[in-house]
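My notes follow the display.

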Amino acid sequence: MRIEIIPCLQDNYSYLIVDEINNNACVIDPSEAEPIIKFIEKNNINLKYILNTHHHFDHIGGNIDLKKKYNSIVVGYKDDANRIPEIDILVEDNQLWKAENFEAKIMHIPGHTTGHISFYFFKEKLIFTGDTLFSLGCGKIFEGTYEEMFTSLNKIKSLPEDTKIYCGHEYTLQNSKFCIKHDPANLDLQKKIIDIKKKLVNNTPSIPSTLKDEIECNIFLRANNIESFSKLRDLKDNF
Ligand code: ZN
Ligand code: FE
């Protein structure tokens, strides 16, 4: 399997996970159809599945057009069936979703929205975290509670440290400014920031990150109780 990163809209990333044996692929969170279609046509990819982490427009915007064009099957969380366009397969927490050579564990990670899920491709050791865990940040709490978001982040935190993190937005540099403000002596963070800047200067995504990096550098994963997590989340909202 190989991962392709497709920038969409302002600062979104959609991802393709491509089976190199047959060029079949899943798209994760197609913000819009056009950049995905362009990439697929150029690379002769068969878009078999559309995987949605949550229902926000910048994660599902391409569903209808892509399904119409490629007959792809849309996969999303069961409780969001009425707000994920064209949903076909309803998945739930802890379920193993398996199709062709694709195999992902579904993790329900509410907080940003009540129906947010992540797709954990455990064989490939990578996870698509949508707007829950960002590199050096976490999603805004729109529908859930602080507790839910904290629990969701801790669920991700318990995965193997070499898990690659693919999130929904290129927010890393902006996020790093908040982290360094509240954790100025963190050497791993200082190193990570230099790294990020190098990538961005070369027009390369800062994604994927690794869980190890996030545990060392992401202040929201470093918060070890709900009080400090909530306080940081509030501060970030006004940062
Ligand atoms: Zn969102
Ligand atoms: Fe988003």
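I call a residue buried under 20% relative accessible area, exposed over 50% and partly exposed in between, with a 1.4 Å probe and protein chains only. By that cut-off F220, at 2% relative accessibility, counts as buried, and F229 is buried with a relative accessible area of 0%.

The model is predicted, so local features need pLDDT of at least 70 and side-chain atom pairs count only at pLDDT 80 or more, while totals for chains, interfaces and linings use all residues. Residues are numbered from 1 along each chain as its sequence is written, and side-chain values use heavy atoms, leaving out hydrogens and water.

I then looked up the nonpolar cores (sets of buried Ala, Val, Leu, Ile, Met, Phe, Trp, Tyr and Cys residues joined through side-chain atoms within 4.5 Å). The largest has 26 residues, of which M107, L153, I156, L159, F220 and F229 touch the most other members. Setting aside neighbours within four places in sequence, I found F220 in contact (heavy atoms within 4.5 Å) with residues including G137, L153, F178, F229 and L232. Another core, apart from this one, holds 24 residues, among them V75, Y77, A104 and L126.

For the rings of Phe, Tyr and Trp (its six-membered ring), I counted a pair when the centres lie within 6.5 Å, as stacked with planes under 30 degrees apart, edge-to-face over 60 and tilted for the rest. The whole structure gave 13 aromatic pairs. The ring centres of Y49 and F102 are 6.4 Å apart with planes at 75°, so I noted the pair as edge-to-face. Both Y49 and F102 are buried. F220 and F229 are likewise edge-to-face, because their centres are 6.0 Å apart and their planes stand at 75°.

Notes:
Chains lettered and ligands numbered in written order.
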